[in-house]
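This report is a guided reading of one chain for someone who has not seen it before.

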Amino acid sequence: MESNRTSPAPPPAVPSGGSSGLAGPTSARAKRSFLRELPEPDVFVVTSGGRRIPAHTGILASVSPVLENLIYRPSKRRSSEKIVPILGVPCNAVSAFIEFVYSSRCTEEEMEKYDVHLLALAHVYSVPQLKQRCVESLRQRLTVDSVVDLLQLSRLCSSPELELRCMKLVHHQFKAVEQTEGWRFLQHHDPWLELDILHFIDESESRKKRTKRQRDDQKLYLQLSEAMDCLEHICTEGCTSVGPHDADPATVRKEPCGKFATCQGLQTLIRHFAACGKRVSGGCGGCKSVWRLLRLHAAVCDQPDSCKVPLCRQLKLRSQREKRKDGARWRLLARKVASAKAMSSLSQAMMRRRRPEEVLEMFSRSSRARGGTRSFKLGK
């Protein structure tokens, strides 16, 4: 658009496969045809540099309710010429804004050069499509040096999406952001925003620690659930060298089970528990692990009369009779173990419904994040 011409404003772009709107002979002909169809401009947009951009009240009012109010509000000027001042931003940014109002498009060059100004204009004049386009552009070009300025702008322009992206970058690159001129300016002129940033970082770190703790707890509950499954399996069917006390050794399953890594560690603990001489006085660490596992099983088991796990019925009756103060903790632990097992079963069912290549990709990403896979063992 020329600065001082009185020809109509740029028409809507005709789709041509490019981002710049009109291009080539066909687009030029379409543009000339559109210009002939448009009426004479009846309003001028005046910029800070004095540029007068001709436009049409109907188009401006249909896109922006703010411009509609400016156009149709009573004027104290005697002149019949309608003027809409858009000040405080570069003239070319205003031209790009008016072009977007007409065509709903903006070139990449204009967006890269004037995205900050266009965001401000889109917010002030309520053009949500342009505002979203500017937010996407700024998110892609966000840097450590510009993040503080864009954070302030995102708050002024009510853009929570851009604000959150800026907050996350400040959190992840805080040491580098502290060295920027924008951060030093913020400390002297906007201490409330600095406080909000520090509060966001503190909450993020607390949430990260809480998530890690919950993930570790969930992993422990799954390990306990797997250990109880192996305990029931050993006491019911037997596995390799350990089996039920009343079973014929020849009938005990000799080949390793599907959870042999856990089962083998549990067998080692059971053999130690049977021969340890410290059981009477409370036992060693390995014996205490077996006692805890037996008690947890008793808290979960709903068929103690027919259960083949040693001491299941006795421990359940003892717990009911004594009503020990820590009984509530064991019941809570039993519920969490059961919940973790149910969530794991649901996750496995969802994994089975996925395609094999998706499962392999998810497993590969998980292994890289953990630095490899490890098997759980109760003890040695």
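The accessible surface of the chain comes to about 23600 Å², and 53% of that surface belongs to carbon and sulfur atoms. The model is a predicted one, and its chain has 380 residues, of which 35% are buried. Its secondary structure consists of 16 helices and three strands. Among the contacts in the chain with a separation of 6 or more, 59% are made by residues 24 or more positions apart.

**The sheet**

The three strands make up an open sheet in the order β2-β1-β3, and the pairing within this sheet is mixed. Its edge strands, each of which pairs on one side only, are β2 (52-55) and β3 (83-85). From one strand to the next, the twist averages 25°. Strands of a sheet pair through backbone hydrogen bonds, and the pairing may be either parallel or antiparallel.

In which sense do β1 and β2 pair, parallel or antiparallel? The pairing of β1 and β2 is antiparallel and extends over four bridges, and V46 has R52 in β2 as its bridge partner. These two strands form a hairpin with five residues between them, and in the turn G50 has a positive phi of about 85°. On the other hand, strand β1 (residues 43-46) pairs with β3 in the parallel sense, over three bridges, and there the bridge partner of F44 is I83 in β3. A helix also belongs to this picture, for α4 (residues 91-103) lies across β1 and β2 and runs at about 5° to β2.

| Helix | Residues in helix | Span | Expected span |
|---|---|---|---|
| α11 | 46 residues | 67 Å | 68 Å |
| α12 | 16 residues | 22 Å | 22 Å |

In α11, the span is close to the one expected at 1.5 Å a residue, and the span of α12 (residues 260-275) is likewise close to its expected value. Just after α11, G238 takes a positive phi of about 85°.

**How these helices pack**

Two packed helices are described by the angle between their axes and by the distance between the axes. Helix α7 (residues 147-156) packs with α11 at an angle of about 100°, and their axes are 12 Å apart. Since angles of 65 to 115 degrees count as roughly perpendicular, α7 is therefore roughly perpendicular to α11. On the α7 side the contact is made by L151, Q152 and R155, while α11 contributes L193, D196 and I197.

The buried residues of α12 are T262, C263, G265, L266, Q267, L269 and F273. They pack against α11 (191-236) and α13 (285-300).

**One residue in detail**

Helix α5 (residues 108-124) contains D115. Is D115 buried or exposed? Because its relative accessible area is 7%, which is under the 20% cut-off, D115 counts as buried. When residues up to four places away in sequence are not counted, D115 touches E110, C134, S137, L138 and R141. One of these residues, L138, is 23 residues from D115 along the chain, and the C-alpha atoms of the two are separated by 6.9 Å.

Technical notes: Residues are numbered from 1 along each chain as its sequence is written. This is a predicted model: local features need pLDDT of at least 70, side-chain atom pairs count only at pLDDT 80 or more; totals for chains, interfaces and linings use all residues. Side-chain values use heavy atoms; hydrogens and water are left out. Two strands pair if DSSP finds at least two bridges between them. Axes are lines fitted to C-alpha atoms, for helices over the stretch in contact, and angles run from 0 to 180 degrees between N-to-C directions. Contact means heavy atoms within 4.5 Å. Buried means under 20% relative accessible area, exposed over 50%, partly exposed in between (1.4 Å probe, protein chains only). Accessible areas come from the Shrake-Rupley method with a 1.4 Å probe; for residues, only the protein chains shown count as cover. The expected span of a helix is 1.5 Å times one less than its number of residues. Angles under 35 degrees count as roughly parallel, over 145 as roughly antiparallel, 65 to 115 as roughly perpendicular and the rest as oblique.
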